[in-house]
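The following note concerns the salt bridges of the structure shown below.

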Amino acid sequence: MFSHGAIWDAIDALAERHGMTPSGLARLAGLDSTAFNRSKRVSKDGRERWPSTESISKVLQATGESFDTLLSSAYMQPPNLPRAAVPLLGLAQAGAGGFFDSAGFPVGQGWDEVRLPTPGDGGTYALEVTGDSMLPLYRDGDIIIVSPAEQPRRGDRVVVRTRDGEVMVKILHRQTPKTLELHSVNPEHAPRTIEMTEIEWIARIVWASQ
């Protein structure tokens, strides 16, 4: 039998897996942004509350995940596991040469360090958002955790670097052998279609501090 905490942990893990906070996951599913807030997990008289079956159904539909995956995710990480330290770089610096290899993994000097809330996968690194061009999703100073080892899927938030050094945070809308169609996290910016021959690498965003 699953406890209240396990179900809420599963929702937190689902949000993290898709590079979102619980509030972001709620918005993606068409729910009130506070639906998964910690204050909503306990009633005023101190009793633990369950998330509604409707809200769980909506987040599963929005993310394309199964109920079995949702439940199992709460038990993938043992408790009290030490946090992993990963390389950190400012997003504005990422377009310069010498920070990444040809596959998008961090190399070279000039990286800082940040600790993850969960262990990294060995190639994971962090980028710090600068400026307000990615509002309302990412604010100035937010940290996004990137994994070049994970295969991005349609709807994932990704970091893309072009061969001429442009680095951008986008939503992967469609990928073909010839082109990459990217939607902006900021609705004021139009979608972009880029030839695959112009792409140096693409990496999936697996977590963000918001």
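**Salt bridges in the predicted model**

1. E150 and R204 form a salt bridge in this predicted model, with 2.4 Å between the closest N and O atoms. E150 belongs to the loop between strand 4 (143-147) and strand 5 (157-162), whereas R204 sits in strand 9 (residues 199-208), so the contact ties together parts that are 54 residues apart in sequence.

2. E150 is partly exposed, its relative accessible area being 32%; R204 is buried, at 5%.

3. R204 also forms a salt bridge with D156, where the closest N and O atoms are 3.0 Å apart. Because D156 lies in the loop between strand 4 and strand 5 and R204 in strand 9, this pair ties together parts that are 48 residues apart in sequence. D156 is buried, with a relative accessible area of 5%.

4. D12 is located in helix 1 (residues 4-17) and R41 in the loop between helix 2 (22-28) and helix 3 (53-63), so the pair ties together parts that are 29 residues apart in sequence. Both D12 and R41 are buried, that is, under 20% relative accessible area.

Definitions and conventions:
Residues are numbered from 1 along each chain as its sequence is written. This is a predicted model: local features need pLDDT of at least 70, side-chain atom pairs count only at pLDDT 80 or more; totals for chains, interfaces and linings use all residues. Side-chain values use heavy atoms; hydrogens and water are left out. Helices (H or I, at least four residues) and strands (E, at least two) are DSSP runs, numbered from the N terminus. Buried means under 20% relative accessible area, exposed over 50%, partly exposed in between (1.4 Å probe, protein chains only). A salt bridge is a side-chain nitrogen of Lys or Arg within 4 Å of a carboxyl oxygen of Asp or Glu.
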